[in-house]
Amino acid sequence: MSVTNQQVAGREFLRGLYPDEYFPDRLLDKGRGILLRLCERIEAERPADLAALYALSAVATEEFNRLQEEFWAAGSEIETVARDEIAVDFGFVASAYGFGNADLEELVAERDW
């Protein structure tokens, strides 16, 4: 399945991290995949409220938690700049699907990065 939301389809997720060699492109590509899967799930499941959206974002956040291990293995990590970029993209996704009032901290509450 691919996303149908035109805002999301045109978004370059994690764009601000790609120019920085500290973040391996292959791992950023995996992060993009996580965000796109979140969008696909939102489109498929159509969460009715913030609680349902947060449940979906928790799954995506757990995927980023696992990806952190790969960043460490590559001599990198999901640190301050990356955390902010990821959270902003989570917020963008929420807003693009009609949840502009979603709390960024709640969207990534399950993070351990």
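User: How are residues numbered, and what does the model count?
Analyst: Residues are numbered from 1 along each chain as its sequence is written, and side-chain values use heavy atoms, with hydrogens and water left out. Because this is a predicted model, local features need pLDDT of at least 70 and side-chain atom pairs count only at pLDDT 80 or more, while totals for chains, interfaces and linings use all residues.

User: What should the 17 residues of helix H4 span, and how far apart are its end C-alpha atoms?
Analyst: Helices are DSSP runs (H or I, at least four residues) numbered from the N terminus, and H4 covers residues 80-96. The expected span is 1.5 Å times one less than the number of residues. For H4 this gives 24 Å, which agrees with end C-alpha atoms that are 24 Å apart.

User: Which residue with a positive phi follows H4?
Analyst: The phi of this residue is near 90°. The residue that follows H4 is Gly 98.

User: Which helices are included in what covers the buried residues of H4?
Analyst: Buried means under 20% relative accessible area, exposed over 50% and partly exposed in between, with a 1.4 Å probe and protein chains only. The buried residues of H4 include Ile 86, Phe 90 and Val 93. What covers the buried residues includes H1 (6-9), H2 (25-45), H3 (50-73) and H5 (104-107).

User: Are H2 and H4 roughly parallel or roughly antiparallel?
Analyst: Axes are lines fitted to C-alpha atoms, for helices over the stretch in contact, with angles from 0 to 180 degrees between N-to-C directions. Angles under 35 degrees count as roughly parallel, over 145 as roughly antiparallel, 65 to 115 as roughly perpendicular and the rest as oblique. The axes of H2 and H4 come within 11 Å and cross at roughly 20°, which makes H2 and H4 roughly parallel.

User: Which residues of H4 make the contact with H2?
Analyst: Contact means heavy atoms within 4.5 Å. On the H2 side the contact is made by Leu 35, Leu 38, Cys 39 and Ile 42. On the H4 side the residues are Asp 89, Phe 90 and Val 93.

User: Are H3 and H4 roughly parallel or roughly antiparallel?
Analyst: The axes of H3 and H4 come within 12 Å and cross at roughly 150°. That angle therefore makes H3 and H4 roughly antiparallel.

User: Which residues of H4 make the contact with H3?
Analyst: H3 contributes Leu 53, Ser 57, Ala 60, Thr 61 and Phe 64. H4 contributes Ile 86, Phe 90 and Ala 94.

User: Is Asn 5 buried or exposed?
Analyst: Asn 5 is found in the segment before H1, and, leaving aside neighbours within four places in sequence, Asn 5 is in contact with Glu 43, Ala 96 and Tyr 97. Because its relative accessibility is 16%, Asn 5 counts as buried.

User: How many Å separate the backbone nitrogen of Asn 5 from a polar atom of the side chain of Glu 43?
Analyst: Glu 43 has its place in H2 and counts as buried at 9% relative accessibility. A polar contact is a pair of N or O atoms within 3.5 Å; within protein, one must be able to donate a hydrogen and the other to accept it, and residues adjacent in sequence count only if both atoms are side-chain atoms. The distance from the backbone nitrogen of Asn 5 to the polar atom of Glu 43 is 3.1 Å.

Methods:
Helix = DSSP H or I, 4+ residues; strand = E, 2+ residues; numbered from the N terminus.
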